[in-house]
Each structure stands twice: as C-alpha cells, then as structure tokens.
Amino acid sequence: MYSSKIAGIGHYVPQQVVTNNDLSRYMDTTDEWVQERTGIKERRYGLRHKETTTTMAVEAAKIAIERAGIDKNELDFIIFATLSPDYYFPGCGVLLQRALGISGNTCGALDIRNQCSGFIYALSVADQFIRTGMYKNILVVGSEMHSMGLDFSTRGRNVTVIFGDGAGVAVLQASDREGSGVLTTKLHADGTHAEMLSFISPGCHGGYHDEDKEKFGFPDDEYGGLFITQKMIDDHLTYPFMDGQFVFKMAVQKFPEVINEALESVGLKKEDINMLIPHQANLRISQFVQRVLGLRDDQVWNNIQKYGNTTAASIPIALSEAWEAGKIKEGDLVCLAAFGSGFTWGSALIRW
Ligand code: COA
C-alpha cells in the first residue's frame, strides 16, 4: 500500500477587493456588525465576464503543479469540489481538464458537491485512489465564485456578507514513506437539516418538500420548464438560505468532535497538532475551536478577515498561504477540519 502526500499546493484569489463598507451601499449592514459577528473585513469578487470558478482553479492548479515538480500530463485524475459550478452540468472537473490542456484529455474528472467540507471529501477520495495504487498524481481542487449567486438586497444580507470568491488546489501524490502524508480522513453527514443551509432553486425538486407548491410557481398539470419559474425569480427564491444561529451551534459541536475522532484513530493527541487549518466559516467558530483544543494563535491559520468564507476553497487557500509563510515544515502534523451545508463535516490529519 502507498500513502499519499501533498506534493504541491497553490491558490488564487481575484484582484477585486470588496469591503464591508462597499456592501453597505447595496444593503442595510455595517462594517461594525459584520466584523463583530464574523471577523470578516473584506472579501474578493471575481471579475464578471472574465473569471469563473474554473478559471480561478486553473490559476491555482498551475501553481500547485509547478510546486509539485510534475508535468500536467502526469496527472491521472482530477477531483473538483465546488457549490458554484460554471454550468449545472457538465461539472468543472472536465472544464479544468480542458483549460489546462492535459494531453489526450482522457484522465478521469470527478466533481464533488459537499459545500464547505468539499475539499476534505475530495482529499479523502483522492487518498483512497492513491493508497490502492490506482493513481499516482491527483489534482484536488476547491474553487468558488459565490459573488455571481448572492442576493445583494437587505433580504440576503445575513448570507451575502459572509461569502467570497477564490480557489485552492493541491497535487496529491503517491509516496512510499511510511508514517507520513495523509494519516487519516474522517467524513460525516446528516441530512436531517439539509435545508437549513441550502440553495434549492432552481432545481428539480418540483416543490416536493413544500406543501405549498404555489410558493415556487409549479402548476400541477404541466411537464417541463419547472426547473426554474418566473415566480422563483420574482420571490427571490433563487438565492442561498441560511439559518445562521442553527448552523453556528452545529458547527461548534462538530468541529472539535471530528478533530478528536481523527486524532484518536491514529493514537495522537491535540497537543501533537502543529497547525490547524479550519474551514473559514466564521472567525468566532475558529476561535471557539482553538480554545477547546487549547491551541496557541500561531497554531491556527485564519484568513477569513481578508477573503470571507470561500466554502470548498477555504481550506486549500489557507493551507497554501500557511505553507508560503513557512508555517508548515517537514514532519509537522497538520489538521484540516470543516463543517457546512448538508450538514456534512470532516477532518484530515497530514504528517507533512
Ligand atoms: N448586517 C446587519 N444586520 C444583520 C445582518 C447584516 N449583514 N445579517 C443579519 N442581520 C440582522 C438580522 O436581521 C437580525 O435582525 P433582527 O434582530 O432585527 O431580526 C439580527 O441581525 C440578528 O440576526 P442573527 O441571524 O440572529 O445574527 P447572528 O448573531 O446569528 O449572526 C451570522 C448571523 C450569520 C453571522 C451567524 O449566525 C453565523 O455566522 N452563523 C454561522 C454561519 C456559517 O458559519 N455559515 C457557513 C457555514 S459553512
């Protein structure tokens, strides 16, 4: 059996900086409110008509591939995590493969839709492929272009102020060094509260989960054309929904739980963690997790202040930044953890 290591990591964030004060021109919010509740000062938005979830991933992937010291044609597989794909289908994995110009264009490409825990799910899937010897080099991608799908009116303010755009990519590579690389990944999901953090319309639900089909504008006696209705647009149903307080309560419970589960499974303790990279959901959540684990400030990487929550991209962006800053060294124990929509959550332990 092989183990898998992160051979290269890279990230890309768009140039356009959007501050909390910029947002207050569109909606009833203040810099003070956003910073106090979330820690976010600003976020990046991609350039309309120029950047997409895939184009940002291309930039991050080029850096990761170069740092891994491989040729793009040595990639065996692509796993792309996003909740904001360029197209409803096909997925971004094939678009990235095309844009990178991988010769022959035949390596497999898989899209993962696990929102904030998407990168950890993608990493775990890639790790299994490498452990079994099926693949040697896998591109593991998290990229999001949230700014295209947010409600910039006051109605959407609780969600819109949180999210930003960006991409992070890792090259996961087979290694024969025992006891290093990805030590373990833990994945969980509980669909009981699926709609508590969701973006359900447009979609193929046909009002199934709602007794009042009128809410979405679905006539009973028609086929087709119901994926998106004018009523959905008129009623602002084509935007994300979040019960923030409920999500917060679940997150502060699940983060420590899944980190401890990973540590216990490989016989390590929280004191062994050199660097925790939590999904950047909310600075208050990360600070809570840090306190519970008893970690110092320099053992936790937070960048939500600059980028907001970039969902599937947040962990690889933070990992790339921490690595660039020289905060992750060979032999360090790096812990990744995420919680988000689904609900889905997970963790990974990596001996660098
Ligand atoms: N600016 C100003 N006021 C806002 C606002 C904004 N951007 N968003 C919401 N408010 C208002 C609400 O309308 C509400 O007003 P009301 O009391 O008059 O009804 C008030 O602030 C409190 O709203 P509430 O939703 O209870 O705030 P909160 O303290 O829970 O903070 C979040 C909201 C979203 C910041 C917080 O719940 C949170 O971060 N939750 C976790 C979200 C998360 O991590 N999501 C990603 C998961 S991966």
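**Close-up views of the ligand shell and the domain contact**

**View A. Residues around the ligand.** In this predicted model, 20 residues surround the ligand, and the closest are Thr29, Asn158, Gly244, Ala281 and Gly340. H8 provides the largest share, five residues. Helices (H or I, at least four residues) and strands (E, at least two) are DSSP runs, numbered from the N terminus. Residues are numbered from 1 along each chain as its sequence is written.

**View B. Composition and placement of the shell.** The shell around the ligand has 10 nonpolar, eight polar and two charged residues. Ala, Val, Leu, Ile, Met, Phe, Trp, Tyr, Cys and Pro count as nonpolar, Asp, Glu, Lys and Arg as charged, and the others, Gly among them, as polar. Domain 1 (3-175) and domain 2 (181-194 + 241-351) both contribute residues to the shell, so the ligand lies between them. The domain bounds come from an automatic or database domain assignment.

**View C. Contact between the domains.** The centres of domain 1 and domain 2, taken over C-alpha atoms, are separated by 17 Å. Domain 1 gives 44 residues to the contact and domain 2 gives 40 residues; two residues are in contact if their C-beta atoms, placed from the backbone, lie within 7 Å. Among the elements giving two or more residues to the domain 1 side are strand E1 (3-12), helix H5 (118-131) and helix H6 (157-160). By class, this side has 17 nonpolar, 19 polar and eight charged residues. Local features need pLDDT of at least 70 and side-chain atom pairs count only at pLDDT 80 or more, while totals for chains, interfaces and linings use all residues.

Note on methods
A residue is near a molecule or strand if its C-beta atom, placed from the backbone, lies within 6 Å of it.
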